[in-house]
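Please look over the sequence and the model shown below.

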Amino acid sequence: MVTIFTTPLATPSQLSTSPSQLVGIPESIEQKLRLVACRLIQAAGILMELPQPTISTAILLLQRYYLTTSLITSPLLQTCLASLYLSSKLTEHPQKPRDIINIFKYLLSPASPLHPPHLLPKLPENEEGTKKRSQKNLYYVSEGDYTALKSLLLSTEAKILRALGFNTTVNLPYSLAFNYLQSLGVLSSTSTPSSPSPPSNPSNPLQHSKLISTTFAYLTDLLCSPSQVYLTHHPHELAVAGIYLAARDHGVKLPERWWEVWDVERETLGFLVVVLRGGTYGHDGKKVWIVEEGDFEEVDGGEVVAIGAGSVEKEVERLRDL
Amino acid sequence: MSSKPKSRWDTETAEDAAEAARRKAEKEAKKALKLEKARKAEEEAVAAAARRRHEDGEQYAQQSLAVSDEPPSKRRKVSAEPGDDAATSPRRKKHASNTANGDRDTGEARLLRFPAPEIKPCNSVDDYEPLNRIEEGSYGIVSRARHIASGEVVALKKLKLEGETDGFPITSLREIQTLMAARHANVVNLREVVVGEQLNQVYIVMDFIEHDLKTLLDDMPEPFLQSEVKTLMLQLLSATATMHTNWIMHRDLKTSNLLMNNRGQIKVADFGLARYFGDPCLPLTQLVVTLWYRSPELLLGAQKYGTAIDIWSIGCIFAELILKEPLFQGKSEIDQLSKIFELMGVPTDEEWPGWRRLPNSKSLRFPRTKQTTGHLLRSKFPLLTTNGVSLLSSLLSLDPSKRITAEEALKHPYFRDDPKPKSEAMFPTFPSKAGQEKRRRLNSPSAPMRGDAPQLFGEVGLAGRSGLFAGLEEEEVGGGFSLKVH
C-alpha cells in the first residue's frame, strides 16, 4: 500500500530547463503565468463549488503539463480550462465544458474582481438597470466563441493526458494530514484510542478545527508557491510540513521528532517550512490583476498579467529588446 | 475467420513456424545485447564506485531531489529557523554541521523512501508491431502486438474514442487509473499507454495472456479438478481483496474477463466498468456487471451498493468452474432474478432485512411457500465438500451485508481441506486460441451499456424448483469439438 504515499514527481532536469524557457520565455514571465493559472483555477473552482481536491488536482495537472510542454505551444487559458475539466472527471465531480468556459470568461472579463480597476471600460452614466445589463454583456460568451473554446478545451485535454503518459495519479496531502493529526492525538481525546494525548495540549475543540483548517490552508497555499514543491515532494512530506507550521501557529506542542514516524527527514521538513513561510508569489503585498489581452504592466499597488498568447509573445519580445 | 474456415489449423501451424523462427532470431539478438549490457554495466559500476567515494550524498540526492537541488544557503537557513522546539535544538546543531556530507541517517531512525514515478509523455504506438486481432467489443479492439525494441509480445487495447463528444470518456479514465493502482500478481499488468498520430488514437498496452477462462472452460473436455479450482479461487480472491483494500470495485467480474496463462495463473482483466468507491457509498449506476453475474441487490435496483457485488460475481465464477457452465443463465433481468431465487430461495425478511424496500422488489410478486425459501446448493453440487458448499453459500448470500468479504473468504476452511490447492507449476497447459487465431464470439451477454436502469415488472416464476427432472436437458453438454489437452 505504497500507492497513497507516492505521486509522480518531476526530475531535476525537467525543473531546471522547462520547455517554456527553452523556447525563450523568461523565467519571471513563466512564474507569473503559472501563478495566474493557479489563481484562475482556484477562483473558478470556488465559483463552481467544487471541492478543494478537485481544484488542487487541476492545478497540479497544469503544473505537470508545463513540465513537458511550453506556454507557446499550449497557451494558458485553454490549459486551465482543460485541466479543470479533466480533474473534475478524475475526482468524480464531472462538470460541463459550457460551465467551465462561462466561468473563466467571467473571471477574465472587466466584471471580475480580478480585472485591473484602472482598465475598466467607461460605462455610460445611466440608471442601475442598464448598468447591470451592460455588466452582463461584459462576459457574454457567443456561440462561436464557445464552440471554438470547447474544441480547444477538448484537444488540450487529450494533449495533457498524452503529456502525462496517462498517469493521472494525483495524491494530495490533505487526507494524510488529517490522519497524522488524528494519530498525534491533538484533535480530540476520543479520536486517539492508542496514544493518550499529551497533558500539555490545551484540548479546546475550537482550536482543533482551527488546527485542521490552518494545516489545510498551508497545504493549499503551497500549491501556488513558486518553488512548485508539489512536483518535488511526496504528499506525506507536505502533510508533515503543513502540520508543523499549523501546530506552531496555534501553540500546540507535538512529541519530539514526530515527523520521523512518517518517514520525513528533518532536512526535508525544514526546507518545506522555509518554502511555506516564503509564501506565494505576491509576497510583497502586491496585487495581481489578470486580463486576457493587454500589456504586462506595473501599476501602483499591483501588476497586470495578460494571459493571451499574443500578449505573452509581445511581452517576451519587449523583454528581449530591453 | 469466416472467410477461411477449413484452413484454421493449417494457418496456425504456418504462423507458428514463422513465429518460432522469429523468436529464435530475437533470442540471439537479445543474447548479444545482454553481453554488451553486462560489459557496460561493469564499466559503469567501477565509475560509480569511484564517484560514490567522493559524494556519499548521491543516493540521498536521487531520492529526494528537491532538497539536494536547493542551494546550500537555503538549507542552512532551515536550521536557523526561529521558534523550533527547544527540546530538539542540540540535535539541530549537529544537523547543521552534517548538512554538507549528506550522511544524515547515521544514528537516527531509518526512514522509508518512496520511489516516484516520472512524469513523461506517452510513447508512440509505432513502437509496436501488430500481430493479430484477438477480440473486438463495444469498448474497443484488442490485438496482439510485439514491442519492436524488446521483442516482447503484448496485448494492445485500442480505445474507441471516435464518437466521444465529452472529451476523453470518464470510464476510460477510470479504467486506466484503477488498472494502474491495482498492481497484483493476479491482475493483468498495465505496461503503458501509447498513442497514435491522431488525438483519438489511444492504446492500452498490457501483458499478453494466452487464454481466457471462458474459452478454456468451453473447450476443456473435463472441468478443472478440485485442487485446481481451489488455486484459481485463491488467486481470484486475493486479487479482489487487493482491489477492495485499494478502494476499487471491478464491477464486471466474469469468466471471460479472467485471463489465464500457461503457468497456472489467472489475471483479472477488463477494468472498463471499474471505479473507485468511498465509505459511506454514494449512489452509483445500477447498470453494471454482466447479467449472469449480477447480484440480486443490483437486479432489485439498489442504488447504493458496495464490494459485495464483486463477491457475488466470484460466487458465480466458483460455481462455473465446478459446473463448466455459467450458474445463472438468465435471459432478462426478471428471468435472472427467478433463476437466482430458484436456487438460493426467495429471501425472507429475517434472511435479508430490508430487501422489500429496494425499488424493483415492490413491483414483483414472489411465490412464497416453505419450499421456496432456503438454498438448494447441496443438491446442485452433490460432489462438493461441506466446506465448499459453505463457501459457495456465503459468497452467494442474498443479503449483501451478510456476504463474505474477499479477505474472509481467503481464510475459509475449504482451502485447507484435502485436496490441497494445486501448485501453479503443476497446472496443465493448453493451446492458445488468442495467440494464433481469432476467437469465437462469446456466447454470453455483454456488460451493460450506459443508459437508464430497467424497471422490473411481472411475476418471478420458480418453475424449475418444483419438477424433479426439471433442468435435465441442460445437464448434458453437447459434443462439439474439444481441444486436446497436453
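## Chain A overall

Of the 322 residues of chain A in this predicted model, 56% count as buried. Chain A contains 13 helices and three strands. Its accessible surface comes to about 13,500 Å², and carbon and sulfur atoms account for 56% of that area.

Contacts in chain A between residues at least 6 apart in sequence are made up as follows: 72% join residues at least 24 apart.

## Salt bridges

Over all chains the count comes to 22 salt bridges. One of the pairs is Glu175(B) with Lys157(B), whose closest N and O atoms are 2.8 Å apart. Glu175(B) sits in helix H6 (residues 170-181) of chain B and Lys157(B) in strand S4 (residues 153-159) of chain B, so the pair links parts of the chain 18 residues apart. Glu175(B) has a relative accessible area of 5% and therefore counts as buried; Lys157(B), at 4% relative accessibility, is buried as well.

Lys157(B) also forms a salt bridge with Asp270(B), with the closest N and O atoms 3.6 Å apart. Asp270(B) lies in the loop between strand S10 (266-268) and strand S11 (275-276) of chain B, so this pair ties together parts that are 113 residues apart in sequence. Both Asp270(B) and Lys157(B) are buried.

Lys402(B) and Asp399(B) meet in a salt bridge at 3.7 Å, N to O. Lys402(B) is partly exposed, at 46% relative accessibility, whereas Asp399(B) is buried, at 6%. A network of salt bridges links Glu92(A), Arg174(B) and Arg275(B).

## A buried glutamate without a salt bridge

Which side chain of opposite charge is nearest to Glu320(B), and how far away is it? It is Lys214(B), 4.1 Å away. Glu320(B) has no salt bridge because a salt bridge needs the nitrogen within 4 Å of a carboxyl oxygen.

Leaving aside neighbours within four places in sequence, Glu320(B) is in contact with Lys214(B), Leu217(B), Thr255(B), Tyr293(B), Glu325(B) and Pro326(B).

## Asp219(B) and the cysteines

Asp219(B) is found in helix H7 (residues 213-219) of chain B. At 3% relative accessibility, Asp219(B) counts as buried. Asp219(B) and Thr386(B) are 167 residues apart in sequence and 29 Å apart in space, C-alpha to C-alpha.

The structure holds zero disulfides over all chains. For Cys80(A), the nearest cysteine sulfur is that of Cys38(A), 8.4 Å away. Cys80(A) is buried, at 0% relative accessibility, and Cys122(B) is buried at 15%.

Terms used: Residues are numbered from 1 along each chain as its sequence is written. Chains are lettered from A and ligands numbered from 1 in the order in which they are written. This is a predicted model: local features need pLDDT of at least 70, side-chain atom pairs count only at pLDDT 80 or more; totals for chains, interfaces and linings use all residues. Side-chain values use heavy atoms; hydrogens and water are left out. Buried means under 20% relative accessible area, exposed over 50%, partly exposed in between (1.4 Å probe, protein chains only). Lys and Arg count as positive and Asp and Glu as negative; His and the chain ends are not counted. Contact means heavy atoms within 4.5 Å. Helices (H or I, at least four residues) and strands (E, at least two) are DSSP runs, numbered from the N terminus. Accessible areas come from the Shrake-Rupley method with a 1.4 Å probe; for residues, only the protein chains shown count as cover. A disulfide is a pair of cysteine sulfur atoms within 2.5 Å.
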